[in-house]
Amino acid sequence: MERLDAFMARANAAYYATHDPFADVTTAPEISQAFGELLGLWAAVVWQSMGAPDPVILAEAGPGRGTLMADALRATARMVPGFAAARRVHLIETSPALRAAQATRIPDAIWHGSVDDLPPGPLLFLANEFLDALPIRQFVRRGEAWTERHVHDGQFVELPSMPPPRDGDICNGEIGETCEPALTLVATLAARITQAGGAALFIDYGPSESAPGDSLQALHAGRPADPLADPGSADLTAHVDFQSLATTASAAGATVHGPIPQGAFLTRLGLVQRTATLARTLPAARASAMMQTAHRLIEPDRMGRLFKAMAICHPALPTPPGFP
Ligand code: SAH
């Protein structure tokens, strides 16, 4: 018998160590090179607003194949050479297989197992579809009492528990989720950014306001699967609770921007214009396919609304690019 978060941590560690996750899920940087380019330029503009510190740590958590960072580095080298000279790339990744894949794209990176191991100093931090992979706990309201979901032999088992941290709007029989590693990570980053300067940008999927309900999902070969069957065979994710993360970051002294829908964020950063530029030299059929992939990232009924962008900044910084 395991608590759900222990089960999810174990299943995902096995999954990321043994699978190419991109056989099961297609993430934004794998859909369009413009995504990583625009996030790199976002970091370079925030760096300028910080007074262009040299050196500056450019960190990414859960870089997958390293595509986002490789695209970010290429774009900033061309457009903001001062940033390219100042940035030191640090990657937070636990999977040895994915570290090896990242090293082929970004040979000068330094790897860490956790944000706690990053060196001190001003920081620009990026994370796309990282928080959704962190293990959650699920609590169920049973009248006046609460239970917590555990996993035994591929089935949920409820054991009596304390109420979850936010229990107010959860009705009888409903589930409340918490993601303690995400809250700890955001608290650590917000305190550090408030003290040493910088900003963090999170892009992930979830509602803008905390909502009750079971959001645990498994994807295997691009299809929904039973999250409890065969741990390590599927990618387990859950909705990111942006509202709780924003409250945590503000409490640590940082300024929070968003969450706003990914579609609005990428549109303001110029995704459509950048894609049109990339498409200009292509044959018509490939150019039109490229424009369609960009629209997949911004259209509300595709990835444009469910995915959100949220930034956590030093309180003296101006509103970062892409946020209203
Ligand atoms: N950001 C990438 C990949 C997302 S998949 C993209 O957008 O394509 C999730 C990534 O987070 C993988 O690289 C996985 O190995 C990593 N990861 C998952 N849990 C982690 C943890 N606890 N610590 C560090 N990395 C983790």
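Reader: Why does Pro107 count as exposed?

Author: The model is a predicted one, in which local features need pLDDT of at least 70 and side-chain atom pairs count only at pLDDT 80 or more, while totals for chains, interfaces and linings use all residues. Residues are numbered from 1 along each chain as its sequence is written, and side-chain values use heavy atoms, with hydrogens and water left out. Exposed means over 50% relative accessible area, buried means under 20%, and partly exposed lies in between (1.4 Å probe, protein chains only). Pro107 has 67% relative accessibility, and therefore it counts as exposed.

Reader: Where is Pro107 found?

Author: Pro107 lies in the loop between α6 (96–105) and β4 (110–112). Helices (H or I, at least four residues) and strands (E, at least two) are DSSP runs, numbered from the N terminus. By that rule the protein has 12 helices and 15 strands.

Reader: What makes the protein as compact as a globular protein of that length?

Author: The globule rule is 2.2 Å times the number of residues to the power 0.38, and the radius of gyration is taken over C-alpha atoms. For 324 residues the rule gives 20 Å, and the radius of gyration of the protein is 20 Å, so the protein is as compact as a globular protein of that length.

Reader: How many residues are in the largest nonpolar core, and which of them touch the most other members?

Author: A nonpolar core is a set of buried Ala, Val, Leu, Ile, Met, Phe, Trp, Tyr and Cys residues joined through side-chain atoms within 4.5 Å. The largest such core holds 47 residues, and Trp42, Phe83, Leu124, Leu201 and Phe265 touch the most other members. Helix α3 (residues 33–49) supplies the largest share of this core, 10 residues. A second, separate core has 41 residues, including Leu4, Ala61, Leu236 and Ala249. In soluble globular proteins, nonpolar side chains tend to be buried together.

Reader: With which residues is Trp42 in contact, leaving aside its neighbours within four places in sequence?

Author: Contact means heavy atoms within 4.5 Å. Leaving those neighbours aside, the residues in contact with Trp42 include Leu126, Leu201, Phe265, Pro320 and Phe323.

Reader: Which residues of helix α8 are buried, and what covers them?

Author: In α8 (residues 242–251), the buried residues are Phe242, Ser244, Leu245, Ala246 and Ala249. Their cover includes α7 (180–196), β10 (198–205), β14 (255–261) and β15 (307–313). Just after α8, Gly253 takes a positive phi of about 105°.
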